[in-house]
Amino acid sequence: MFYYTPPRNLLNNKIILVTGAGDGIGRTAAKTYAKYGAKVILLGRTIKKLESIYDEINKAEYPRPAIYPMNLEGATPTDYDNLAETISKEFGRLDGLLHNAGILGTLTPIEHYDIKQWYQVMQVNLNAPFMLTRACLGLLKAAPDASIIFTSSSVGRKAKAYWGAYAVSKFGIEGLMQILADELETNTKIRVNSINPGATRTVMRAEAYPGEDVKTVTPPEAIMPLYLYLMGADSAEVNGQAMDAQ
Ligand code: NAP
């Protein structure tokens, strides 16, 4: 487990965009960032779930978040430009970007992998983070020390049979992280890193391991120290790192 004790005001006045904020790890990360002072932009595809986390954050009296419904599977470059434009108008900058949304696809041999599903997984897990990052770079440059966090997986670092498009998309994410980290190292204050959450108690984990006793799986709250560390100022010098939350 990654250990880190954040100061209570770690993310005060930060504007942080979290994708897939309605459920699982993204939901917990959004609430945790708000708890440490951030104004969180909740991006996801299911409005009801976004409203529920929005209410939870307000009820806890953390900074009021913003909701941005968006389906990353069908989103066009114009949709990303519109999102960046909205953030620019509302806040003028972006301090943090957590690419968390993801889909599993099917666990099956490459020989039988459904081609349409391959495209879907690549679109949500890899192409969307590319387009979103590209659209937000101006906003991130406008922040004093911005952090981009990509979500990887153990199979994005060492692939395994049957993990198909999911594993390939996560390898792509690690590549995108490394390229950006290198490109942004010299002339910007933006750092770029990736997190492998490790086995975490969510719908996606249950989908991948249906026979598993969920009580034995780490809850999302337990992996938050790394999510906080990489988002806050204590990681200002950390760039291009592939890190493990557990
Ligand atoms: P999850 O519980 O299935 O949550 C995924 C989130 O992504 C949901 O909020 C979902 O929205 C959103 N999402 C999916 N497709 C989307 C789309 N087309 N547009 C917008 N939002 C979309 O998964 P999780 O376990 O929390 O996973 C979070 C990240 O961690 C993923 O990148 C995953 O690959 C990675 N990861 C997880 C584990 C684990 O053990 N859980 C391990 C390694 C890596 P809806 O709720 O509206 O569907």
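A residue counts as buried when its relative accessible area is under 20%, and as exposed when that value is over 50%, with partly exposed in between; the views below apply these terms to a predicted model.

**View 1. Trp163 and Tyr166 form a tilted ring pair.** Trp163 has a relative accessibility of 11%, which is under the 20% limit, and Trp163 is therefore buried. The ring centres of Trp163 and Tyr166 lie 5.6 Å apart, and because their planes meet at 50°, the pair is described as tilted.

View 2. Across the whole structure, a search finds 5 aromatic pairs, and one of them joins Tyr113 to Trp118 in an edge-to-face arrangement, with 5.3 Å from centre to centre and 90° between the planes. Tyr113 is buried at 8% relative accessibility, whereas Trp118, with a relative accessible area of 25%, is partly exposed.

**View 3. Phe2, Tyr4 and Tyr229 belong to one aromatic cluster.** The three residues Phe2, Tyr4 and Tyr229 are linked into this cluster by ring pairs.

**View 4. Two arginines are placed over tyrosine rings.** The charged end of Arg8 sits over the ring of Tyr36, at 5.5 Å from the centre of that ring. In the second example, Arg205 lies over the face of Tyr209, and here the distance to the ring centre is 3.7 Å.

View 5. The space that the ligand takes up is the largest pocket, and 30 residues surround the ligand, the closest being Thr46, Lys49, Asn100, Tyr166 and Thr202. Tyr166, one of these closest residues, is also the ring partner of Trp163 shown in View 1.

View 6. Taken alone, the ligand exposes 900 Å², of which the protein buries 93%.

How values were computed
Residues numbered from 1 in each chain as written. Predicted model: local features only at pLDDT ≥ 70, side-chain atom pairs only at ≥ 80, totals over all residues. Heavy atoms only, no water. Phe/Tyr/Trp six-rings, centres within 6.5 Å; stacked < 30°, edge-to-face > 60°. Buried < 20%, exposed > 50% of the residue type's maximum accessible area, 1.4 Å probe, protein only. Lys NZ or Arg CZ within 6 Å of the ring centre and 35° of its normal. Near = heavy atom within 4 Å. Areas by Shrake-Rupley, 256 points an atom, 1.4 Å probe, with all protein chains shown as cover. 1 Å grid on protein atoms, 1.4 Å probe; cavity = no way out; pocket = protein on both sides within 12 Å on 5 of 7 lines; lining within 4 Å. Sits in = over half its atoms within 2 Å of the grid points.
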